[in-house]
Amino acid sequence: MLNRLPAIRQRIVCLAILCTLGYHAAPQCTPVNLERITLPAAEWIGSGFIKGFLRLLPADYSTNPTKKYPVIIYFHGLQAIGDGSQDQLCEIIGDGSTALPGNIENGIYPTITTVGGQSYSFIVLMPQYSQYQSPFNYGDAIDDFIDYALANYRIDPSRIYMTGMSSGANLSIDYVGSSLPHAQRVAAVALSSLCYEVSLRPQGPANIAAAGLATWFVHCSIDNPCVVSIPDDWVNQINSHSGAVAPRYTRLPPPLPPAQQPWPFPLEQQLLYCRPFNHDTWLALYYPGFRPPTGTGANLYEWFLSNSLEVLPVRLKQFSVRYANEKMYLQWITASENDNASFIIERAGQDGRFTTLATIPGKGTSTLENLYTFTDEQPLAQISYYRLVQVDLDGDKQYLSTKKMLNPQKNKGRLVILTSNPFINDLSLFVNTDKAQKISCRVTDLNGRKVAGIDGVYQQGTTEINLSTAHLPKGIYLLTAIGELRTESYKIVKQ
């Protein structure tokens, strides 16, 4: 019974919403500002978890074809669950008549928000989820929706914002708490009336803290059964981790007795207290005039824009160059890509003048690891420098990495080839082997004491390695390379 308690709570809350607000969803609607997007079956997201969504595009979206925009991804309450059809998408508006959907429809929404002297307009996407039951592990499906949004809309990936009311807040916290990569995709998350206990996602606070994710919890202190101890626990546990961004926490007090309420009682002041229906904090969170004293006093839209991510066009995981069979084999792996048009392979000799060898198409936008390869069929006779350059869709270039490689034809039969001796900082050398094998390289002082070293399994051919020797004082040392069948030693000098 205890394991079912969170699910029971959510259902009780939604039943209370239904009874208190007298909510009755009309089977049809004609939205004024929000567009209804029903996806064909071939494009359903998360194995059918999302089959349609509402959207709002900025006024200049179609006339400014190169501009990228921040996005708000909003999750509705439990009563708006549906199949993404045109009629059922109307449930999101009915369920959120006093939340973000209703505000947009009624013009109570800032089409332009200015922060730090710069003006922004949001893309707003409101996916309709088709199910919600324990266990609530829908993080991967939500991640798929973010991928879909990035692929289909001109979204600034550094400004992805997530928010939700009631069970929509639960989905939001479940997503960012489910893994560190999920938490790192979102610049900020705002949660209205959370009813998702930390025990459902024990590592959630640690993931949020490690990502440096900005969070805002808005909760009525007398909410029942979504008791205030639920967001209290999330806030306290996030704060318990070193390096966490302290959550913004708006804990609304009970309403003032009628005799103490000023008259007229402006809405901005009413929203600083719990509503008559204590679970309703979305009226406050999404209202542009809601500026609680917690944090900077910014409203939701200003607070969102005060947070952004540092997003590189490409996250390079590995870049390597290897010589074998009289060719140079280049390989690189990207951890993620954003608007990546292509890679350029450049090569230079000892004169340092780079020329282009090839252009390799990129993957555009991808959150998966991608492997790329290139073969230099006619390498230079001595030292070659290979530079990896990334090109955005708009033509901007980023120099990712440069590798040095030696053509070993003049050093056949040697296990280790030194190209800089004497050396100044780290020691650069090449291992050269006719088959895959483990090679150990160690540096000793004149007393035989090991002061640096590296071990590895190296494939057939020639591979550059670097030994960390910057900490060593100037002097004479001995480099020893140990392979499966032979050992070589060299006197090296640090200047």
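Reader: In β20, which residue is the bridge partner of Arg442?

Author: This is a predicted model, in which local features need pLDDT of at least 70, side-chain atom pairs count only at pLDDT 80 or more, and totals for chains, interfaces and linings use all residues. Residues are numbered from 1 along each chain as its sequence is written, and side-chain values use heavy atoms, with hydrogens and water left out. Strands are DSSP runs of E, at least two residues long, and helices are runs of H or I, at least four, numbered from the N terminus. Two strands pair if DSSP finds at least two bridges between them. Here, the partner of Arg442 is Gly453.

Reader: In what sense do β19 and β20 pair?

Author: Strands β19 (residues 437-444) and β20 (residues 450-458) pair in the antiparallel sense, over eight bridges. They form a hairpin with five residues between them, and Gly448 in the turn has a positive phi of about 85 degrees. β19 also pairs with β22 (residues 475-482) in the antiparallel sense, over five bridges; there, Thr444 stands opposite Leu478.

Reader: How many residues of β19 are buried?

Author: Buried means under 20% relative accessible area, exposed over 50%, and partly exposed in between (1.4 Å probe, protein chains only). In β19, six of the eight residues are buried.

Reader: Which residues touch the most other members of the largest nonpolar core?

Author: In soluble globular proteins, nonpolar side chains tend to be buried together. A nonpolar core is a set of buried Ala, Val, Leu, Ile, Met, Phe, Trp, Tyr and Cys residues joined through side-chain atoms within 4.5 Å. The largest has 51 residues, of which Ile173, Phe217 and Trp234 touch the most other members. α4 gives the most to this core, with seven residues.
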